[in-house]
Amino acid sequence: MSNTEAAPEELTCRDETDGEGPHVSVLTAREVPLGGPRAMKVRRTLPQRERSLIGAWCFADHYGPEDVSMTGGMDVAPHPHTGLQTASWLFSGEIEHRDSLGSHALVRPGELNLMTGGHGICHSEVSTKDTTVLHGVQLWIALPDEHRRTARAFRHYAPPRTPLPGGAARVFLGTLAGSTSPVETFTPLLGAELTLDPHTTLTLDVDPSFEHGILLGTGAVTVAGTGLAPAELGYAGAGPARLELANPGDEPARMLVLGGTPFTEAIVMWWNFLGRSHEEIAEFRQAWEEGSEQFGRVEGYRGSPKRLPAPKLPNGRITPRRNPVPNHDTPQERHR
């Protein structure tokens, strides 16, 4: 998915706690256009001033539920990525994915499409003609320095449904509730869809070395006593070994649970590129605009324009993003 903001705005954050459980910060979202000024809108919770990453999760867009049968839906022309992975997850609808690795796949509800940009890749995303209601989340994962120039890759995984007391989980990355994804990651990560029945409380055992984020898709939920509205993201820092979630509403709640060990490297994010310096970002932009083979070509995309042009660089230097440094070391080797 393309970040179409030429001059990103800052998001807002509120801090809440119930006095006993983990401290929870609530990250609110802003609307931005997807694929152009007349395209569908998405709600962005990461990155922002108060928190740039949760583990290595560095970008989160939530879109829908939206009836796209009359509006044309999602149509994002080929665009580039470097230094990151994209994780696509749908609650409803269907999206056609094409990339310069030659991958041609459908993104369906409950199935993970994980694309590794690394040194450079480009891809397109188009909702299918049979899609009526489109609802999903697009996530980016920052690659650690030793792996950020890795080769292009694409992985599809359909996680099984894991029953829970009063709900269910689909674990697409990492381990939760006794279910482990076979998909390898470059830093320790957790990614799971969780559904919670009405008026149900669930306590999850979690890795205390992980920080966690709960991104609410539909319904209502409280995280350690702190309430979230749809599209809000509740953040809990590393330390607690349990995470209490409750659905106070009369309808089922659906959310994503994201986690990982704190990512301590400073990163530079601009448009669809993730690097380590302003100069490196400028080089990526020039390579894309010149049609460099660093990103390859997407075959089969039928929309217009044939590729998204990069916006102009800002007048000032692009500054690094970094969370507060934790008090423990963060391993950066590949994990499973």
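Welcome! The model is predicted, so local features need pLDDT of at least 70 and side-chain atom pairs count only at pLDDT 80 or more, while totals for chains, interfaces and linings use all residues. Residues are numbered from 1 along each chain as its sequence is written, and side-chain values use heavy atoms, with hydrogens and water left out.

- Strands (E, at least two residues) and helices (H or I, at least four) are DSSP runs, numbered from the N terminus.
- Strand S18 spans residues 189-196, and seven of its eight residues are buried; buried means under 20% relative accessible area, exposed over 50%, and partly exposed in between, with a 1.4 Å probe and protein chains only.
- Strands pair if DSSP finds at least two bridges between them.
- Strand S25 (residues 253-260) runs antiparallel to S18, and eight bridges join the two.
- Strand S15 (residues 167-173) is also antiparallel to S18, joined to it by six bridges.

**Cysteines**

- The structure holds zero disulfides, a disulfide being a pair of cysteine sulfur atoms within 2.5 Å.
- Cys58 is buried at a relative accessible area of 0%, and Cys122 is buried at 2%.

**Salt bridges**

- Side chains of opposite charge can pair when their charged atoms come close.
- Eleven salt bridges turn up in a search of the whole structure; each is a side-chain nitrogen of Lys or Arg within 4 Å of a carboxyl oxygen of Asp or Glu.
- Asp61 and Arg44 form one of them, with their closest N and O atoms 2.6 Å apart.
- Because Asp61 lies in strand S5 (residues 57-67) and Arg44 in strand S4 (residues 41-46), this pair ties together parts that are 17 residues apart in sequence.
- Both ends are covered: Asp61 is buried at 0% relative accessibility, and Arg44 is buried at 1%.
- Arg51 forms a salt bridge with Glu211, and their closest N and O atoms are 3.6 Å apart.
- Arg51 lies in the loop between S4 and S5 and Glu211 in strand S20 (residues 211-218), so the pair ties together parts that are 160 residues apart in sequence.
- Arg51 is buried, with a relative accessible area of 11%, and Glu211 is buried at 4%.
- Arg108 and Glu94 meet through their side chains in a salt bridge of 3.2 Å, N to O.
- Arg108 sits in the loop between strand S9 (104-107) and strand S10 (112-116), and Glu94 in the loop between strand S7 (84-92) and strand S8 (95-99), so this pair ties together parts that are 14 residues apart in sequence.
- Arg108 is partly exposed, at 36% relative accessibility.

**Aromatic rings**

- There are eight aromatic pairs, where rings of Phe, Tyr and Trp (its six-membered ring) pair if their centres lie within 6.5 Å; planes under 30 degrees apart count as stacked, over 60 as edge-to-face and the rest as tilted.
- Ring pairs link Trp270, Trp271, Phe273, Phe284, Trp288 and Phe295 into a cluster.
- Trp288 also has the charged end of Arg307 over its ring, 3.8 Å from the ring centre; a charge sits over a ring if NZ of Lys or CZ of Arg is within 6 Å of the ring centre and within 35 degrees of the ring normal.
- The charged end of Arg51 sits over the ring of Tyr235, 3.9 Å from its centre.
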